[in-house]
Amino acid sequence: MSLQATTPRQYLTTLTNGWRFTLPTSVRKAHGWDAGTKLIATIRGASLVFSTEPEPDEGHVSTHGNLARDFDDEMLGPQECYLGSGGKIVLPAQLRRRLGWVVGKRLVIVDEGDGVSVTLCCDAKRCESCGSISGVREIIHNVFLCSQCWGNYLREMHAKLRLGRARA
Ligand SMILES: [Zn+2]
């Protein structure tokens with residue numbers, strides 16, 4: 001067990017018709033994945049993480065869920081998919097809407113060692129607080145937050161204001 005260079009390696013690919021994208025050969029080789037390998041796809045923030053081991057079950061009742069989420073009904077557990085020939089993966093249908101990816105867009109693939117993360121690249125605006133791409137808007141010039149984090153921020157500001165007044 002030797003630790004190698006920790007800099008994650010990144011690759012670009014394109015989400016093509018049929019919601020397919022290609023895992024680079026070097027990534028597949030590094031993990032020993034081959035055509036037919038069963039992969040577990042888990043949503044993590046704005047990324048989809050592929051691995052062969054199911055992620056530890058953190059409990060479907062999100063005890064760490066700090067606040068009620070707008071999209072609780074869309075929370076999805078890990079999805080199974082299979083690696084096709086040539087490293088093709090078809091994005092599981094259940095995940096498409098949740099991820100908000102768009103066919104024709106580029107994806108960044110990062111080999112994280114224990115798994116491979118895939119994230120919509122470049123032109124998708126991400127929440128600067130949590131990395132989500134769902135419900136993101138420009139709050140002030142060049143500052144992007146999702147509705148959830150924006151709500152948190154407002155609540156914090158309110159709490160601070162109240163605290164300030166109480167001390168005055
Ligand atoms: Zn956010």
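Two strands are taken to pair if DSSP finds at least two bridges between them, the strands themselves (E, at least two residues) and the helices (H or I, at least four) being DSSP runs numbered from the N terminus. By this criterion β3 and β5 are paired in an antiparallel sense, with four bridges joining them, and within that pairing Leu-39 has Cys-81 of β5 as its bridge partner. The structure is a predicted model, in which local features need pLDDT of at least 70 and side-chain atom pairs count only at pLDDT 80 or more, whereas totals for chains, interfaces and linings use all residues. Residues are numbered from 1 along each chain as its sequence is written.

The pairing of β3 with β5 belongs to an open, antiparallel sheet of six strands, whose order is β1-β7-β8-β4-β3-β5. At its edges stand β1 and β5 (79-82), each of which pairs on one side only. Direction ignored, neighbouring strands of this sheet are turned by 30 degrees against each other on average, the axes being lines fitted to C-alpha atoms (for helices over the stretch in contact) and angles running from 0 to 180 degrees between N-to-C directions.

In soluble globular proteins, nonpolar side chains tend to be buried together. A nonpolar core is here a set of buried Ala, Val, Leu, Ile, Met, Phe, Trp, Tyr and Cys residues joined through C-beta atoms within 7 Å, and a residue is buried if 20 or more other C-beta atoms lie within 10 Å of its own, exposed if 12 or fewer, and partly exposed in between, with C-beta atoms placed from the backbone. The largest such core comprises 20 residues, and Leu-48, Phe-50, Leu-107 and Val-118 have the most contacts inside it. At least two residues of this core come from each of β3 (38-44), β4 (47-51), β7 (106-111) and β8 (116-120). Apart from it lies another core, of five residues, which include Cys-127, Val-136, Leu-145 and Cys-149.

Once neighbours within four places in sequence are left aside, Val-118 is in contact with Ser-47, Leu-48, Phe-50, Leu-107 and Ile-109. Leu-95, which is found in helix α2 (residues 93-99), touches Ala-41, Ile-43, Leu-48, Leu-76 and Gln-79, not counting residues up to four places away in sequence. The C-alpha atoms of Leu-95 and Thr-42 are separated by 9.1 Å, although these residues are 53 apart along the chain. Leu-95 itself is partly exposed, because 19 other C-beta atoms lie within 10 Å.

Asn-142 counts as exposed because it has 7 C-beta neighbours inside 10 Å. Trp-19, in the loop between β1 (9-14) and β2 (20-22), likewise has a positive phi, near 55 degrees, in a residue other than glycine, but Trp-19 is partly exposed, with 15 other C-beta atoms within 10 Å.

Helix α3 (residues 147-167) has 21 residues and reaches 30 Å from its first C-alpha to its last, close to the 30 Å expected at 1.5 Å a residue, where the expected span is 1.5 Å times one less than the number of residues. Of the 21 residues of α3, two are buried, so the helix lies largely in the open.

Terms used: Two residues are in contact if their C-beta atoms, placed from the backbone, lie within 7 Å.
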